[in-house]
Amino acid sequence: MTEILFPLMSGDPDEPGVLLEWRAPHGSQVAAYQVIAEVTVDKFDAEINTPVAGTLSWVVAAGDEVRQGAVIATVD
């Protein structure tokens, strides 16, 4: 199992971010380096890629506020 983390995107790691959108459905097969989500911190957006291929399992939902560095999904 590989954990996908919300990236550290600001100078203050305690500043929360938001998972804007999932680009791959929960339970779907994903390829290595596929874009799976879009996140934001203080109006700075970024795409999240998965480092491995496998089955994607969401840990948080789109629109949720998330701590930077927190697990947002796993790939099995």
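This is a predicted model: local features need pLDDT of at least 70, side-chain atom pairs count only at pLDDT 80 or more; totals for chains, interfaces and linings use all residues.
Colleague: Which residues have the most contacts inside the largest nonpolar core?

Modeller: In soluble globular proteins, nonpolar side chains tend to be buried together. Here the largest nonpolar core has 19 residues, and those with the most contacts inside it are Trp22, Ile36 and Ile72. Strand E2 (17-22), strand E4 (35-41) and strand E8 (71-75) each supply at least two residues of this core, and E4 gives the most, with four residues.

Colleague: How should I read the aromatic pair that tryptophan 22 and tryptophan 58 form?

Modeller: A pair of aromatic rings is described by the distance of the centres and the angle of the planes. Tryptophan 22 and tryptophan 58 are stacked, at 5.0 Å centre to centre with 10° between the planes, and the pair links distant parts of the chain, since tryptophan 22 lies in strand E2 and tryptophan 58 in strand E6 (residues 54-58), 36 residues apart.

Colleague: Is tryptophan 22 buried or exposed?

Modeller: Tryptophan 22 counts as buried because its relative accessibility is 10%, under the 20% cut-off, whereas tryptophan 58, with a relative accessible area of 32%, is partly exposed.

Colleague: What order do the strands have in the open sheet of four strands?

Modeller: Strands of a sheet pair through backbone hydrogen bonds, either parallel or antiparallel. In this open sheet the order is E1-E8-E6-E3, with antiparallel pairing; strand E1 (2-5) and strand E3 (29-30) stand at the edges, each with a single partner strand, so one side of each is left without a neighbour in the sheet. Four bridges join E1 to E8, and threonine 2 stands opposite valine 75 in E8.

Terms used. Residues are numbered from 1 along each chain as its sequence is written. Side-chain values use heavy atoms; hydrogens and water are left out. A nonpolar core is a set of buried Ala, Val, Leu, Ile, Met, Phe, Trp, Tyr and Cys residues joined through side-chain atoms within 4.5 Å. Buried means under 20% relative accessible area, exposed over 50%, partly exposed in between (1.4 Å probe, protein chains only). Rings of Phe, Tyr and Trp (its six-membered ring) pair if their centres lie within 6.5 Å; planes under 30 degrees apart count as stacked, over 60 as edge-to-face and the rest as tilted. Two strands pair if DSSP finds at least two bridges between them.
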